[in-house]
Amino acid sequence: MKRVLVVDDEEKIREVVVSYLDNEGYQVVEAASGEEAMEVIGRHPLDLVILDLMLPDLPGEEICKRARQISSVPIIMLTAKVDEKDRVQGLTMGADDYVVKPFSPRELMARVKAVIRRSNESDLLADYLSFNDEDLVIDTVRRQVWKQGQEVNLTPMEFRLLSILARHPKRAFSREELIEKGFGFDFTGDIRTIDQHMKNLRAKIESDPKHPKYIQTVYGFGYRFHGAGK
């Protein structure tokens with residue numbers, strides 16, 4: 001049974017989300033504040049966090065940032081913030097999806113299933129890939145990445161997108177392909193979301209993100225991975 005943490009200070013919203021999750025067979029843990037959420041994340045194994053951004057004690061972005069320091073659990077941000085800059089900030093912090101209030105509970109459940117399904121898929125690559133004399137190493141069994149011998153903390157979505165690209169070095173993937181393979185057919189957000197994920201990846205795996213060696217832009221089209229493997 002998959003365990004989902006629902007973080008929201010509005011009891012009525014938690015009740016609705018928890019009810020739908022219960023009906024779908026998920027085990028649910030609730031938190032009404034940021035501190036309570038961090039305590040749960042630090043102590044319990046989780047398969048997903050549904051995180052409200054506007055909490056009374058800590059901003060959801062701060063919770064996401066702290067969570068990423070100790071866990072790679074997928075995070076869906078649930079918020080009334082609608083500006084593009086807010087979505088970009090959420091993705092930069094490490095969120096895997098972003099749902100705006102008011103929301104459809106059925107759509108939220110579809111996104112929950114999609115995010116958990118993607119996080120469980122581990123057959124995208126060979127077990128171990130090494131590039132440029134082990135400058136970059138990807139272990140898909142342990143779902144770990146190392147850059148120059150130092151482990152890199154990737155979000156589940158960042159790991160998935162890197163895996164997709166690294167499986168096919170030098171092949172150009174369109175933004176549409178990466179959205180489909182990374183987010184699934186049910187994705188309804190801005191296709192440029194993929195650009196923010198690539199920016200995040202470059203900041204973590206490139207020696208010089210402004211002049212990337214691995215994740216290269218195919219202008220007007222998408223991205224490709226470039227690296228000498230073994």
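**Entry 1**

I began with V4, which stands opposite L48 in β3. Strands here are DSSP E runs of at least two residues, helices are H or I runs of at least four residues, and both are numbered from the N terminus. The model is a predicted one: local features need pLDDT of at least 70, side-chain atom pairs count only at pLDDT 80 or more, and totals for chains, interfaces and linings use all residues. Residues are numbered from 1 along each chain as its sequence is written, and side-chain values use heavy atoms, with hydrogens and water left out.

I then looked up the pairing of β1 (residues 3-7). Four bridges join β1 to β3 in a parallel run, where two strands count as paired if DSSP finds at least two bridges between them. On β2 (residues 27-31), β1 has five bridges, also parallel. V4 stands opposite V28 there.

Which residues of β1 are buried on each side? R3, L5 and V7 are buried on one side, and V4 and V6 on the other. I use buried for under 20% relative accessible area, exposed for over 50%, and partly exposed for what lies in between, with a 1.4 Å probe and protein chains only.

For β3 (residues 48-52) I noted that five of its five residues are buried. L48, I50 and D52 point one way, while V49 and L51 point the other way. In a regular strand the side chains alternate between the two faces of the sheet. β3 also pairs with β4 (residues 75-79), parallel, over four bridges. The bridge partner of I50 in β4 is I76.

**Entry 2: D52**

I checked the record for D52. UniProt, in an unreviewed entry, places the feature "modified residue: 4-aspartylphosphate" at D52. UniProt positions are given in the numbering used here, feature names are shortened, and annotations may be inferred rather than shown by experiment.

Is D52 buried or exposed? D52 has a relative accessible area of 2%, so it counts as buried. Not counting residues up to four places away in sequence, D52 touches V7, D8, D9, G60, L78, T79 and K101. Contact here means heavy atoms within 4.5 Å.

**Entry 3: the sheet with β10, β11 and β12**

I moved on to an open sheet of three strands, in the order β10-β12-β11, with antiparallel pairing. β10 and β11 (215-218) stand at the edges with a single partner strand each, so one side of each has no neighbour in the sheet. Neighbouring strands of this sheet are turned by 35 degrees against each other on average, direction ignored. Axes are lines fitted to C-alpha atoms, for helices over the stretch in contact, and angles run from 0 to 180 degrees between N-to-C directions.

β10 and β12 (residues 222-225) pair over three bridges. S174 stands opposite G222 in β12. Two helices pack on the sheet, and I noted both. α6 touches β10 and β12, and its direction makes about 65 degrees with that of β12. α7 (residues 175-183) also touches β10 and β12, at about 80 degrees to the direction of β10.

R171 lies in the loop between α6 (156-167) and β10 (172-174). With a relative accessible area of 35%, R171 is partly exposed. Leaving aside neighbours within four places in sequence, R171 is in contact with E177, Y223, R224 and F225. The C-alpha atoms of R171 and F225 are separated by 7.0 Å, although the two residues are 54 apart along the chain.

**Entry 4: the cores**

How many residues does the largest nonpolar core have? I found 26, with L178 and M198 having the most contacts inside it. A nonpolar core is a set of buried Ala, Val, Leu, Ile, Met, Phe, Trp, Tyr and Cys residues joined through side-chain atoms within 4.5 Å. β6 (128-131), β7 (136-139), α6, α7, α8 (193-205) and β12 each supply at least two residues of this core. α6 gives the largest share, seven residues.

M198 touches L161, L165, L178, I215 and Y223, not counting residues up to four places away in sequence. A second, separate core has 21 residues, including L5, A37, L46 and A95.

I also looked up D195, which lies in helix α8. D195 is buried, at 19% relative accessible area. Beyond four places in sequence, D195 is in contact with R175 and Y223.

**Entry 5: the whole chain**

Last, I took the totals. The protein has eight helices and 12 strands. Of its 230 residues, 50% count as buried.
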